[in-house]
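Please read them with the structure open.

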Amino acid sequence: MKKKILIFALSAIIVIAAFAGGCAEGQTEEAVTSVTDDAGLTYTLFSVKGSPQGDYSYVKVTAYSGKEDSGNTIVKVTVPSEVTIDGTVHKVNVVGSLVFYEKNVSEVEISEGVEQIESFAFGYCGATTVTLPSTIKKIGEYAFINCNSLRKINLNATTPPEIGGYAFMFYREDHNVYEVNSILQIKVPKSAYDAYKSAWSEYEKIIVK
């Protein structure tokens, strides 16, 4: 029941975001093309026109259809910093919503250059370790919700990223509340330890250096 509620919340977030984007003073955004690599990661090239910063494009990881853990098999997935689409090399900018939702993989490493993890990207994922790059700037709402196997987030950014609600929490049905995942450690650079403690106060007990 709770999972259905979370999916409904995600759908609402996507609809609101799409509506807001379409209403932004002539700004338009559309998916141009997609490609799937040998690891099962799908990348979509988006074109944005009419933004205050001018026209630009960006690449988002939009799906994962690769191998998952089975028996004694350990699966490690690396999201690369670049991908070739139609003969052109593009930087990978975003890991999109639901990419690793309920995926049973052991480790996920997000390469340097990626700046955003969208809402629900790792919801209910079976990963035990996730590594985020120094370039990460935003982690969306519910990004790692109910990742009950997750033991460590290696976070290399020296400036604490913007973080959405319930990002590293799980739902306790017996108490009907969301709680911080107490088995998780968020490992941050020593120089940024105090900054994270301050910026991410709700997770201060699981932040380590």
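**Notes on the predicted model**

1. The charged end of Lys60 is placed over the ring of Phe46, at 5.1 Å from the ring centre. The coordinates come from a predicted model, and this applies to every point that follows.

2. Lys60 belongs to strand E3, which covers residues 56-64. Lys60 has a relative accessible area of 13%, under the 20% cut-off, and is therefore buried. Its side chain also makes a polar contact of 3.1 Å with the side chain of Glu118. Setting aside neighbours within four places in sequence, the residues in contact with Lys60 are Thr42, Tyr43, Thr44, Phe46, Val94, Gly96 and Glu118.

3. On confidence, the chain has an average pLDDT of 89, and 88% of the residues score at least 70. Residues 13-23 have a pLDDT below 50, and in the model this stretch has five contacts beyond near neighbours in sequence. Where pLDDT is low, the predicted coordinates should not be read in detail. I would apply that caution to residues 13-23, given their pLDDT below 50.

4. The secondary structure consists of two helices and 16 strands. Of the 209 residues in the chain, 43% are buried. Among contacts with a separation of 6 or more, 42% are between residues 24 or more positions apart.

5. Six strands form an open sheet with parallel pairing, in the order E4-E7-E9-E11-E15-E16. Strand E4 (76-79) and strand E16 (207-208) are at the edges; each has a single partner strand, so one side of each lacks a neighbour in the sheet. Lys187 has Val208 in E16 as its bridge partner.

6. Elsewhere, E13 and strand E14 (residues 177-180) run antiparallel and are joined by four bridges. Phe170 has Glu179 in E14 as its bridge partner. The hairpin of E13 and E14 has four residues between the strands, and Asn176 in this hairpin takes a positive phi near 55°.

7. How many aromatic pairs does a search of the whole structure find? The search gives 14. In one of these pairs, the ring centres of Phe144 and Phe168 are 5.1 Å apart and the planes are at 15°, so the pair is stacked. Phe144 is in the loop between strand E10 (138-139) and strand E11 (152-155), while Phe168 is in the loop between strand E12 (162-163) and strand E13 (169-172), so the pair ties together parts that are 24 residues apart in sequence. Phe144 and Phe168 are both buried.

8. Tyr196 and Trp200 have ring centres 5.1 Å apart with planes at 90°, so this pair is edge-to-face. Both Tyr196 and Trp200 are buried.

9. Which residues do ring pairs link into a cluster? The cluster holds Tyr64, Phe100, Phe122, Phe144, Phe168, Tyr196, Trp200 and Tyr203. The stacked pair of Phe144 and Phe168 and the edge-to-face pair of Tyr196 and Trp200 both fall within this cluster.

Terms used: Residues numbered from 1 in each chain as written. Predicted model: local features only at pLDDT ≥ 70, side-chain atom pairs only at ≥ 80, totals over all residues. Heavy atoms only, no water. Pairing = 2+ DSSP bridges. Phe/Tyr/Trp six-rings, centres within 6.5 Å; stacked < 30°, edge-to-face > 60°. Buried < 20%, exposed > 50% of the residue type's maximum accessible area, 1.4 Å probe, protein only. Lys NZ or Arg CZ within 6 Å of the ring centre and 35° of its normal. Polar contact = N/O pair within 3.5 Å; in protein donor to acceptor, adjacent residues only side chain to side chain. Contact = heavy atoms within 4.5 Å. pLDDT = per-residue confidence, 0-100.
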